[in-house]
Amino acid sequence: MALQLRPNCEFCDKDLPANSTQARICSYECTFCADCVESKLSNVCPNCGGGFVPRPIRPAREWRPGVSLENNPASTKRVHLKYALDDVAAHFARIRDIPPERR
Ligand SMILES: [Zn+2]
Ligand SMILES: [Zn+2]
C-alpha cells in the first residue's frame, strides 16, 4: 500500500497537489497545509492527537518500474474535518503542551 496523497487541507480546504511542499501529514495520513499546522493546529492532529511531518513527494517520473505518481496516483477524494471547532479547541488544549514523542 502506498501512502495516500490526499488532495486538500482538511482544515482550510486549500488544494495540496501531490508535488506540494506545503502538505503536512500525521501517522494516519491526516493531511493539512503548513499554514494551518503552524498557525491553527499547534502541531496537534485534530483527529488523532499526533504531530505532523512534511508529506514526501512521490516522483512523477517512473525512475524504477512500477513506482511513480502515474502508477500510484494521488487520491481525488477531498477530506473535511469531522469535529466541531469547539471540540477541536478542547482537544488542542489537552494535548498541545505535550511533545509528540510523549503523547
Ligand atoms: Zn489549511
Ligand atoms: Zn492524525
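I take two strands as paired if DSSP finds at least two bridges between them. Helices (H or I, at least four residues) and strands (E, at least two) are DSSP runs, numbered from the N terminus.

Ground rules next. This is a predicted model, in which local features need pLDDT of at least 70 and side-chain atom pairs count only at pLDDT 80 or more, while totals for chains, interfaces and linings use all residues. Residues are numbered from 1 along each chain as its sequence is written, and side-chain values use heavy atoms, with hydrogens and water left out.

I looked up the strand order: 3 strands form an open, antiparallel sheet, ordered 2-1-3. Strand 2 and strand 3 (53-54) are the edges, each pairing on one side only. Strand 1 pairs with strand 3 over 2 bridges, antiparallel. Opposite Arg24 I find Pro54 in strand 3.

Ser20. I place Ser20 in the segment before strand 1 (23-25). Ser20 counts as buried because its relative accessibility is 11% (buried is under 20% relative accessible area, exposed over 50%, partly exposed in between; 1.4 Å probe, protein chains only). Its side chain reaches the backbone nitrogen of Gln22 at 3.0 Å.

Core. A nonpolar core is a set of buried Ala, Val, Leu, Ile, Met, Phe, Trp, Tyr and Cys residues joined through side-chain atoms within 4.5 Å. The largest one has 17 residues; Cys9, Phe32, Leu41, Cys45 and Phe52 touch the most other members. Strand 2 (31-33), helix 1 (34-39) and helix 2 (85-95) each give two or more residues. Helix 2 gives the most, with 3.

Leu41. I set aside neighbours within four places in sequence. Leu41 is then in contact (heavy atoms within 4.5 Å) with Phe11, Phe32, Cys36, Pro46, Phe52 and Phe92.

Note on methods
Chains lettered and ligands numbered in written order. Polar contact = N/O pair within 3.5 Å; in protein donor to acceptor, adjacent residues only side chain to side chain.
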